[in-house]
Amino acid sequence: MLSRLFAPKVKVSAHCDLPCGVYDPAQARIEAESVKAVQEKMAANDDPHFQARATVIKEQRAELAKHHVSVLWSDYFKPPHFEKYPELHQLVNDTLKALSAAKASTDPATGQKALDYIAQIDKIFWETKKA
């Protein structure tokens, strides 16, 4: 009897875990932009203390970018998205690998490569929002 009393009266569904508007690839892009900016600053400064601090920041930002991309992949994108964009799984994997490479590198080209991949995810993301 209590189970009927507390049972939901209306069933709702959504294509994502929360109402739209909480997911955005901009979060990953901002963190990846930070990675690249730190890489550029590292190239211009030989101070070992600066290098050590910059390395920690770069690695933290790369991990945050990876987290945001992973959340999009696991929480936002759903089977219909993967059907419409069959390249999406590989694109996310390539993006995560590029962010790992940028995390381990001081070369701004690795940061730019990650940003380029994130831009592709961003394009697909916004196309799915129109649907």
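This report walks through a predicted model of a protein, from its overall layout to a few of its residues.

## Before you start

Because this is a predicted model, local features need a pLDDT of at least 70, and side-chain atom pairs count only at pLDDT 80 or more, while totals for chains, interfaces and linings use all residues. Residues are numbered from 1 along each chain as its sequence is written, and side-chain values use heavy atoms, leaving out hydrogens and water.

## The overall layout

Let's begin with the whole protein. There are 6 helices and 0 strands, in the pattern α-α-α-α-α-α along the sequence. Helices here are DSSP runs of H or I with at least four residues, strands are runs of E with at least two, and both are numbered from the N terminus.

Of the 131 residues, 32% count as buried. Buried means under 20% relative accessible area, exposed means over 50%, and partly exposed lies in between, with a 1.4 Å probe and protein chains only. The protein exposes about 8,300 Å², of which carbon and sulfur atoms supply 59%; these areas come from the Shrake-Rupley method with a 1.4 Å probe, and for residues only the protein chains shown count as cover. Among contacts with a separation of 6 or more, 74% come from residues 24 or more positions apart. A contact means heavy atoms within 4.5 Å.

## Helix α2

Helix α2 runs over residues 26–43. Its 18 residues reach 26 Å from the first C-alpha to the last, close to the 26 Å expected at 1.5 Å a residue; the expected span is 1.5 Å times one less than the number of residues.

The buried residues of α2 are Ala28, Glu31, Ala32, Val35, Val38, Gln39 and Met42. They sit on the same side of α2, because they cover an arc of only 115 degrees around the axis. The arc is that of the directions from the helix axis to the C-beta atoms. Their cover includes α3 (48–76), α5 (88–103) and α6 (108–130).

## Helix α5

Buried in α5 are Leu88, Leu91, Val92, Thr95, Ala98, Leu99 and Ala102. Seen down the axis, these buried residues fall within an arc of 125 degrees, so they line one face of α5. They pack against α2, α3, α4 (79–84) and α6.

Lys66 belongs to helix α3 and is buried, with a relative accessible area of 19%. The side chains of Lys66 and Ser100 are joined by a polar contact of 2.9 Å. That term means a pair of N or O atoms within 3.5 Å; within protein, one must be able to donate a hydrogen and the other to accept it, and residues adjacent in sequence count only if both atoms are side-chain atoms. Not counting residues up to four places away in sequence, Lys66 touches Leu96, Leu99 and Ser100.

His68 is also in helix α3, and it is buried at 18% relative accessible area. Leaving out residues up to four places away in sequence, His68 touches Gln27, Ala28 and Glu31. Leu72, another residue of helix α3, counts as buried at 3% relative accessibility. Its C-alpha atom is separated by 7.8 Å from that of Asp24, 48 residues apart along the chain. Beyond residues up to four places away in sequence, the contacts of Leu72 include Tyr23, Pro25 and Phe125.

Pro25 lies in the loop between α1 and α2 and is buried, with a relative accessible area of 1%. Setting aside residues up to four places away in sequence, it touches Leu72, Ile118, Asp122, Phe125 and Trp126.

The structure holds 5 aromatic pairs. Rings of Phe, Tyr and Trp (its six-membered ring) pair if their centres lie within 6.5 Å; planes under 30 degrees apart count as stacked, over 60 as edge-to-face and the rest as tilted. The rings of Tyr23 and Tyr76 have centres 5.8 Å apart and planes at 55 degrees, so this pair is tilted. It links distant parts of the chain, with Tyr23 in the loop between α1 (2–6) and α2 and Tyr76 in helix α3, 53 residues apart. Tyr76 and Phe77 form an edge-to-face pair, 5.2 Å centre to centre with 75 degrees between the planes. Ring pairs link Tyr23, Tyr76, Phe77, Phe82, Phe125 and Trp126 into a cluster.
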